[in-house]
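Biologist: Before I use the terms in this report, I want to see what each one rests on. Show me the structure and take my questions in turn.

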Amino acid sequence: MEQWQKDLKESIVDVETLEKVLGIPADEVRDIVEEYPMRITPHVLSRIKNEGDAIWKQVVPTAEEGNLDAACEAEDPLHEEKDSPVPGLVHRYPDRVLLVVTNQCPIYCRFCTRKRFVGSPGTLTPDNLEKVVSYLSEHREVRDIIFSGGDPLMVVDMLLERVLKALRGIPHLEIIRIGTRVPGTLPSRITEKLCNMLKAYHPLYMNLHFNHPDEITPEVAKACGMLADAGIPLGSQTVLMEGVNDDPEVMKRLMQKLLAIRVKPYYIYQADLVRGTHHFRTRVEKGLKIISALRGHTSGMGVPHYVIDAPQGGGKIAILPQDTLLYMDDEEVIVKNYEDLTFKYPQPAQSNGVGEESSIPLSMLPNPKSD
Ligand SMILES: *Cc1c(COP(=O)(O)O)cnc(C)c1O
């Protein structure tokens with residue numbers, strides 16, 4: 001058994017151990033854990049400093065998860081099952097697909113979008129892999145595949161390599177991405193052996209999942225450094241959550257710490273409408289405020305896209321604070337910077353005398369000249 005498998009075995013998975021270690025009465029969350037599995041790795045446990053802190057909230061089950069009345073929340077809010085042509089594959093966008101490699105995760109995030117199946121036994125079978133390869137071979141428009149789950153780094157190297165190898169046989173598949181929370185929660189999984197194996201399948205990208213600056217430890221920094229040294233560009237995804245990271249200062253520290261461990265912030269997600277996760281949701285104004293607090297105030301490298309993954313399979317939609325473009329007409333644009341100072345940018349004359357339609361309807365912009 002490798003060290004990471006031993007570490008995983010030391011995780012908290014049952015309510016009796018949870019009671020012993022964190023003092024939560026077992027009977028309070030027994031039903032919840034039966035429905036939505038729990039796993040807390042030793043590494044994540046070591047990051048909990050206080051009851052109810054940002055790390056605790058992400059992994060410790062609560063009775064609130066049994067609160068299923070919010071009518072707008074669903075088992076499968078993104079309608080992934082409707083967009084699935086082959087078991088495990090989600091094909092929503094024109095040129096890229098998502099593949100569920102396994103249902104297993106190093107930790108079970110209480111806010112998970114795929115709460116409906118994560119933690120139940122299941123890994124991509126050779127049969128289904130064959131179906132995926134055959135579907136993708138016929139769909140020449142697909143040039144990008146994302147390994148997801150569950151967490152694709154939960155499978156052993158040999159199995160992961162089998163999937164990589166099968167997909168690398170498809171000539172039009174240009175890039176492979178791995179979405180994983182492993183480097184931040186089970187850093188011992190990132191071994192030299194794994195990195196050497198992955199290196200053979202470039203161009204390979206990884207998007208890591210981090211929600212709070214306390215998740216970034218020396219062990220995590222080392223794991224990310226090893227992946228980066230293997231030539232894998234690292235991005236991060238963060239879910240905006242009440243009481244976890246809905247604070248501009250916390251988010252700024254997180255983004256800065258990610259850059260320092262060679263991870264480029266990619267997305268901040270508005271929380272999905274998942275059943276049993278209502279208590280994590282924030283208002284969208286919060287997210288916009290966070291983006292305003294980042295833009296200009298810290299490296300542009302550290303400003304991710306803020307997106308809403310639209311319900312019913314509408315896909316990710318980036319949203320931006322609406323207060324930087326104050327006015328636009330044929331001759332000029334008036335813009336506002338992070339210090340609230342305004343600037344005029346004169347437009348070039350339209351070429352060929354052909355009027356290009358202004359992409360922003362003027363009626364939607366406040367006119368600074370009239371006030
Ligand atoms: C997020 C996602 C992708 C990838 O989207 P990008 O914006 O390219 O990162 C692809 N397919 C599905 C189903 C997704 O949810």
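Biologist: Into which domains is the protein divided?

Modeller: There are domain 1 (89-318) and domain 2 (325-370), with bounds that come from an automatic or database domain assignment. Their C-alpha centres lie 37 Å apart. This is a predicted model, in which local features need pLDDT of at least 70, side-chain atom pairs count only at pLDDT 80 or more, and totals for chains, interfaces and linings use all residues. Residues are numbered from 1 along each chain as its sequence is written, and side-chain values use heavy atoms, with hydrogens and water left out.

Biologist: What makes Met251 buried?

Modeller: Buried means under 20% relative accessible area, exposed means over 50%, and partly exposed lies in between (1.4 Å probe, protein chains only). Met251 has a relative accessible area of 0%, so it is buried. Its place is in helix α11 (residues 248-260); helices are DSSP runs of H or I with at least four residues, strands are runs of E with at least two, and both are numbered from the N terminus.

Biologist: Why is Thr277 called buried, and which backbone oxygen does its side chain reach?

Modeller: Thr277 has 2% relative accessibility and therefore counts as buried. Thr277 sits in the loop between β7 (263-269) and α12 (284-294). Its side chain reaches the backbone oxygen of Val274 at 2.7 Å. A polar contact is a pair of N or O atoms within 3.5 Å; within protein, one must be able to donate a hydrogen and the other to accept it, and residues adjacent in sequence count only if both atoms are side-chain atoms.

Biologist: How do you know that Arg114 and Glu80 meet in a salt bridge?

Modeller: A salt bridge needs a side-chain nitrogen of Lys or Arg within 4 Å of a carboxyl oxygen of Asp or Glu. For the side chains of Arg114 and Glu80, the N to O distance is 2.8 Å, and they meet in a salt bridge. Arg114 lies in the loop between β2 (96-102) and α6 (126-138) and Glu80 in the loop between α5 (54-59) and β1 (89-90), so the pair ties together parts that are 34 residues apart in sequence. Arg114 is buried at 10% relative accessible area, and Glu80 is buried at 7%. Both belong to a network of salt bridges that links Asp76, Glu80, Glu81, Arg114 and Arg116.

Biologist: What is the distance between the closest N and O atoms of Lys336 and Asp323?

Modeller: Those atoms are 3.9 Å apart, and the two residues form a salt bridge. Lys336 lies in strand β11 and Asp323 in the loop between β9 (315-318) and β10 (325-328), so this pair ties together parts that are 13 residues apart in sequence. Lys336 is partly exposed at 22% relative accessible area, as is Asp323 at 33%. By this rule the count comes to 27 salt bridges.

Biologist: Which residues surround the ligand?

Modeller: Val90, Tyr93, Arg96, Leu98, Ile146, Arg177, Tyr266, Tyr267 and Lys316 surround the ligand; a residue qualifies if one of its heavy atoms lies within 4 Å. A ligand oxygen atom is 2.6 Å from a side-chain N or O atom of Arg96. The corresponding distance is 2.8 Å for Arg177 and 3.0 Å for Lys316.
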